[in-house]
Amino acid sequence: MKIQGQLFIWLSVFILAVAIVYGYWSMEPAGTTALFLAFGLSIMIGFYLAFTAKRVDAGAQDNKEADVADDAGEIGFFSPHSWQPLALGFGGALAFLGVAVGWWIMYFSAPILLVGLFGWVFEYYRGENRTQ
């Protein structure tokens, strides 16, 4: 976590230098403001990571002798036979199509999204997979 904090702090220094040079050469307020806001966001993330790194134990990414496998852990459980992500993807695609084409498509995408979401959440509370 210490390395990530240093990376973000150095990134914020670079963004600040770019913002100053860009603001001086271009005299364009929107891009200059966006670069200064990017500097602010980057320095906040870097400060948080550097401040938190002092409180937590050193991770595998802070050890120069560590292997990739040292930082590996349990990712989680993913159902190998679930059809619910397909329903969520289809409902999400319809919802975004509704933003682009017409809001009336949301009436068709909302039930598909809700069925997919509730089906995924409660997948192991009913049926043949209830005991897993």
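Which residues make the nonpolar surface patch of about 600 Å²? The patch is made by Ile-9, Trp-10, Val-13, Leu-41, Ile-43 and Met-44. Two elements, helix H1 (2-26) and helix H2 (29-53), each give two or more residues to this patch; Leu-41, for example, lies in helix H2. Patch residues have over 30% relative accessible area and no salt bridge, with nonpolar side chains (Val, Leu, Ile, Met, Phe, Trp, Tyr) joined within 5 Å and like charges within 9 Å. A salt bridge is a side-chain nitrogen of Lys or Arg within 4 Å of a carboxyl oxygen of Asp or Glu. Accessible areas come from the Shrake-Rupley method with a 1.4 Å probe, and for residues only the protein chains shown count as cover. Helices (H or I, at least four residues) are DSSP runs numbered from the N terminus, as are strands (E, at least two).

The model is predicted: local features need pLDDT of at least 70, side-chain atom pairs count only at pLDDT 80 or more, and totals for chains, interfaces and linings use all residues. Residues are numbered from 1 along each chain as its sequence is written, and side-chain values use heavy atoms, without hydrogens and water.

The rings of Phe-47 and Phe-51 are stacked, because their centres are 5.9 Å apart and their planes stand at 20 degrees. Both residues lie in helix H2, four residues apart, about one turn of the helix. Trp-104 and Phe-108 form an edge-to-face pair, at 6.2 Å centre to centre and 90 degrees between the planes.

Methods
Phe/Tyr/Trp six-rings, centres within 6.5 Å; stacked < 30°, edge-to-face > 60°.
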